[in-house]
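Me: I have a structure open and would like to go through parts of it. Can you help me read it?

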Amino acid sequence: MPANQKKKKKSTAARKKRKKGLSTSLKLTLILSAVVIFGAIGWKFLGDAIENSRMKASLSSPLFFEGIYVDDISLGGMTMDEAKEAVSQNQTTADANYSLDLIHGENTWTLDNSNFVVQFDTDKVLEEAYSIGRSGDSKADIETVRNLPEHPRHFITTMSASQGEMGNVLDEIEDELNKKVKDARIVSGASDGGLQIAEAEPGYKVDIKKLQEDINDRFARNDFDEPVYIKVDEIKPSVYKADLEGKYTTLAYFTSETTRDKTRNNNIDLALKAIDGTILAPGEEFSMNGITGERTQKKGYQAAGAIRNGVLIEELGGGVCQVSTSIFNAAAMSGLDITERHNHSWPSSYIGKGLDAMVDYPSSDLKFKNNTDGYVCIASWFDKDNRMIKVKIFGIPVLDKDVTVKFRTEVTETTPQPADEIKEDRTLPEGTVVETRAGKEGYKVNTYRQYMKGGDVVKEELLCRSSYKALSTIITVGTGAPETAETPAQGNE
């Protein structure tokens with residue numbers, strides 16, 4: 001074999017040998033790289049598993065997690081009691097002196113420690129902070145706790161004042177600043193026949209809700225340097241003097257003479273004063289019981305003669321029915337709509353049949369509605385010198401010009417007086433005979449309202465019906481022990 005062929009063969013073999021060695025080295029490198037990579041991955045998984053296991057264990061810890069702050073205090077690693085102590089020590093104590101001025105105009109009220117007790121919402125805030133990372137979803141909680149060091153959660157406690165004696169101060173403020181609105185109104189009396197009108201006066205009301213909110217806000221911010229200015233709302237009147245002047249005239253004037261009974265006249269005077277100055281808006285309804293309320297001793301009413309169930313008795317507020325009768329007649333003469341009216345058990349001595357109006361709180365009332373286009377004003381007073389009830393109703397006339405109102409009554413049925421009743425009474429001596437109740441005939445009466453013009457009836461309408469029961473005379477006979485005549489003592493002549 002030629003020398004150059006031998007040399008070529010040898011070179012090819014060497015290349016094959018080197019190629020085989022390179023392949024083995026690459027394999028070893030790849031294997032080692034794979035071991036390193038998979039080792040790193042495995043180590044990471046192992047590390048994550050260990051970390052997750054540690055985080056899971058920490059979720060059951062009773063301590064606050066790192067990254068939780070309350071009032072800028074780190075609570076990480078603290079128990080609830082330790083956290084509460086740390087936060088409380090940092091708060092302004094309840095023993096500190098607080099002073100907050102409440103101002104309106106020239107009036108100042110001061111709240112201090114004697115008016116309230118300072119308190120913080122520490123427990124509520126700590127509970128909220130402690131709940132972070134404890135939702136019950138372990139995967140989400142682990143993620144939350146893991147992020148807390150880089151994204152901490154901050155909570156703030158707020159201070160507030162418990163009511164304590166503060167309510168008394170607020171009551172004083174309302175008593176001082178609140179004022180009832182007053183509409184333009186008839187001045188009590190109007191006895192000169194004119195319409196005397198008092199100016200309307202606005203009312204004022206403390207916005208107590210806003211005041212309490214402002215006070216709580218100051219405590220929440222621990223800010224007592226500036227005063228709290230009290231907001232007071234103005235309430236505008238609904239009726240002004242200009243609404244009443246120029247449009248109004250006397251719609252009706254009614255008088256009724258009373259008895260000489262002083263207690264009865266006292267009750268009449270009180271009821272008239274309660275009604276005097278009443279203003280009814282268009283469509284508004286008058287209620288005598290609503291205006292006078294219950295006639296009580298506290299209001300000054302006294303016991304006087306009154307009719308109940310057909311019997312004359314002494315009753316608190318007796319005599320007030322003569323007032324309701326006078327108001328009823330004046331309202332009906334004015335052309336107003338009568339919506340409720342009741343007659344007595346028997347006809348009254350001070351008014352004709354079918355024209356009385358009985359009231360009994362709260363069951364029986366006198367009501368009428370303002371059916372005019374303007375306000376209706378009532379002036380009522382008691383002329384003590386002449387023992388006279390006087391009622392004037394002012395308003396925009398509902399009747400046509402030159403039309404007046406008269407009443408016509410018609411007795412439609414008369415019931416004879418029943419037979420006398422005899423009643424025995426053991427408390428009266430035998431032989432005593434007393435007429436306890438006088439008997440009366442019964443009546444049914446229709447009352448008509450007539451509209452007159454130039455002496456002629458241009459219209460007539462049924463105003464009301466009355467039914468007065470027939471009453472028997474009640475004679476009470478004594479059945480007790482007879483009276484014994486005393487024997488005069490015998491003296492020495």
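Me: How many bridges join E22 to strand E25?
Reply: This is a predicted model. In it, 11 bridges join E22 to E25, which covers residues 442–453, and the two strands run antiparallel.

Me: Which residue in E25 is the bridge partner of Thr409?
Reply: Thr409 has Thr447 of E25 as its bridge partner.

Me: What packs on the sheet there?
Reply: Helix H10, residues 320–333, packs on the sheet and touches E22, E25 and E26. The direction of H10 makes about 125° with that of E22.

Me: Back to the strands. In what order do they sit in the sheet?
Reply: The order is E22-E25-E26, with 3 strands forming an open sheet and antiparallel pairing.

Me: Why is one side of E22 and of E26 left without a neighbour in the sheet?
Reply: E22 (404–415) and E26 (456–468) stand at the edges and each has a single partner strand, so one side of each has no neighbour in the sheet. On average, neighbouring strands of this sheet are turned by 20° against each other, direction ignored.

Me: New topic: helices H2 and H3. At what angle do their axes cross?
Reply: The axes of H2 (residues 80–90) and H3 (residues 122–130) cross at roughly 130° and come within 11 Å. The two helices are therefore oblique to each other.

Me: Is that crossing left-handed or right-handed?
Reply: H2 passes H3 in a right-handed crossing.

Me: Which residues make the contact?
Reply: From H2, they are Met80, Ala83, Lys84, Val87 and Ser88. H3 contributes Thr122, Asp123, Leu126, Glu127 and Tyr130.

Me: And by class?
Reply: The contact of H2 with H3 has 5 nonpolar, 2 polar and 3 charged residues.

Conventions:
Residues are numbered from 1 along each chain as its sequence is written. This is a predicted model: local features need pLDDT of at least 70, side-chain atom pairs count only at pLDDT 80 or more; totals for chains, interfaces and linings use all residues. Side-chain values use heavy atoms; hydrogens and water are left out. Two strands pair if DSSP finds at least two bridges between them. Helices (H or I, at least four residues) and strands (E, at least two) are DSSP runs, numbered from the N terminus. Axes are lines fitted to C-alpha atoms, for helices over the stretch in contact, and angles run from 0 to 180 degrees between N-to-C directions. Contact means heavy atoms within 4.5 Å. Angles under 35 degrees count as roughly parallel, over 145 as roughly antiparallel, 65 to 115 as roughly perpendicular and the rest as oblique. A crossing is left-handed if the near helix is turned anticlockwise from the far one by less than a right angle, and right-handed if clockwise. Ala, Val, Leu, Ile, Met, Phe, Trp, Tyr, Cys and Pro count as nonpolar, Asp, Glu, Lys and Arg as charged, and the others, Gly among them, as polar.
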